[in-house]
Amino acid sequence: MCDDRISPELRPLAPSIAVSDADHDLLAQRDQPESTHLYRTPFVRDCGRILHARAFRRLAGKTQVFTRNQMENDHSRSRLTHTLEVAQIARTIASALGLNAHLAEALALVHDIGHPPFGHAGERALDAALVPHGMRFDHNLHALRIVTSFEERHAGFRGLNLTLGVREGIIKHSRDYSAAEHPELSAYFLDQLPPVEAQLIDLADEIAYLTADLEDGMEAGILDLKIVRAELACFDRAYRSAEEKYPSAAERLLRNDALKTILNSLVTDLMSEVSRRVETNGIHTLSQVRSARGRLAAFSADRQEDRGTLRRFLYHYLYESTELEVEHKRGAEIICTLFAHWIADPEQLPADHAARAAKEGAARAVTDYIAGMTDSYIEQAWSRFQR
Ligand code: MG
């Protein structure tokens, strides 16, 4: 896992595999036609629209792993800083492979925009609360609703009016939806795989959080360096090699060096594996990417195993640790209680959300209201509720 050499076969892919940046391309189309920009491509404009969206700014107040109550230092990732790290990784991979780096960047910037407060505990709680109403919570579909409807920044239309390519990537970056179950998504080529730029995002996300959560976990004192070294052979190898190179360096710096090696090697492996799959499947065009037998963005078999080990380690020692569980349970309880409260009496919602509840049903309106909240906003609602 910690082999940091760049594969000699690593070359940019054929330009015809990348999503085109041309204004007339199908994936650059918007629901509301707009004039061509003098010097910004459609996907560059989408990056700007996402960066300037209110939902993007709220990511600063949403839990990645540690809630605000658990942050004993100011350095743990929020969902915003995590997002920026994913964008940096996705942009690097896409440009090294000769793909459309601006599309990859836009998709990375938007990939977590649909997450509710309190991280994955909040997402699970909201999903469980919806089941009795015959619905589920899906952060990708919620993200699509944010960018197509909830954001109000333009006089001429609702939403951000993003390109078709970005909207397709929002729903397909981490999973595939069946056309039979989701007829409302029929515009997004559900019978086809997404472009490689979109396929990369889920893996860039994993590379970012697996390494960052190890760092934040150690920084918070929940993960013990000795246990990390004993359980993760790849980390231990990278740490030892950093120690040999810098024998007098502080433990924290050696730790960071090891994490950097792991991150780098995962990125390199992903790029090599994409190239390998493109070559062995004889892929030369975007339409061949779309009709390929499986996704082309993946880790090699060896790294896939290492990645599994790393994930299991983090679940066991960090995500499901007693230290984090207390806050997860508290977050879930806040979401469930407020959800039930507003469902029982939607008139207690702010006026615009109450109006939506009357029109679209309370379950939908309450979910959208809660999902949009930052951790501190829902904490304030919780305090008012308890009074
Ligand atoms: Mg993420």
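Colleague: Which residues are linked in a network of salt bridges?

Modeller: This is a predicted model, and in it a network of salt bridges links Arg145, Arg356, Glu360, Arg364 and Asp368.

Colleague: How many salt bridges does the count come to?

Modeller: The count comes to 29 salt bridges. Side chains of opposite charge can pair when their charged atoms come close.

Colleague: Let us take single pairs. With which residue does Arg49 form a salt bridge?

Modeller: The partner of Arg49 is Glu34, and their closest N and O atoms are 2.7 Å apart. This pair links distant parts of the chain, 15 residues apart: Arg49 is in helix 1 (residues 42–51), whereas Glu34 is in the segment before helix 1.

Colleague: Is Arg49 buried or exposed?

Modeller: Arg49 counts as buried, at 11% relative accessibility. Glu34 is partly exposed, and its relative accessible area is 30%.

Colleague: And Arg229, what does that residue pair with?

Modeller: Arg229 forms a salt bridge with Asp236, with 2.7 Å between the closest N and O atoms. The side chain of Arg229 also meets that of Glu243 in a salt bridge, at 3.9 Å from N to O.

Colleague: What are the relative accessible areas of Arg229 and Asp236?

Modeller: Arg229 has 22% and is partly exposed, while Asp236 has 15% and is buried. Glu243 counts as partly exposed, at 31% relative accessibility.

Colleague: Now the metal. Which residues coordinate the magnesium ion?

Modeller: The magnesium ion is coordinated at 2.2 to 2.4 Å by NE2 of His82, NE2 of His111, OD of Asp112 and OD of Asp205. Along the chain, the donors follow the spacing H-x28-H-D-x92-D.

Colleague: Where do His82 and His111 lie?

Modeller: His82 lies in helix 3 (residues 79–96), and His111 in the loop between helix 4 (101–110) and helix 5 (119–130), so the pair ties together parts that are 29 residues apart in sequence. Both His82 and His111 are buried.

Colleague: Staying with helix 5, what does the side chain of Asp127 reach?

Modeller: Asp127, which lies in helix 5, reaches the backbone nitrogen of Phe137 with its side chain, at 2.8 Å. Leaving aside neighbours within four places in sequence, Asp127 is in contact with Met135, Arg136 and Phe137. At 14% relative accessibility, Asp127 counts as buried.

Colleague: Turning to helix 8, how many residues does that helix have?

Modeller: Helix 8 (residues 196–219) has 24 residues. From first C-alpha to last, helix 8 reaches 34 Å, close to the 34 Å expected at 1.5 Å a residue.

Colleague: Where is the kink in helix 8 centred?

Modeller: The kink is centred on Asp202 and amounts to about 25°.

Colleague: Why is helix 8 described as largely enclosed?

Modeller: Of its 24 residues, 21 are buried, so helix 8 is largely enclosed by the rest of the structure.

Key: Residues numbered from 1 in each chain as written. Predicted model: local features only at pLDDT ≥ 70, side-chain atom pairs only at ≥ 80, totals over all residues. Heavy atoms only, no water. Donors = N, O, S within 2.8 Å, 3.2 Å for Na, K, Ca; no water. Helix = DSSP H or I, 4+ residues; strand = E, 2+ residues; numbered from the N terminus. Buried < 20%, exposed > 50% of the residue type's maximum accessible area, 1.4 Å probe, protein only. Salt bridge = Lys/Arg side-chain N within 4 Å of Asp/Glu carboxyl O. Polar contact = N/O pair within 3.5 Å; in protein donor to acceptor, adjacent residues only side chain to side chain. Contact = heavy atoms within 4.5 Å. Expected span 1.5 Å × (residues − 1). Bend = angle between axes of the 7 residues up to and from the residue.
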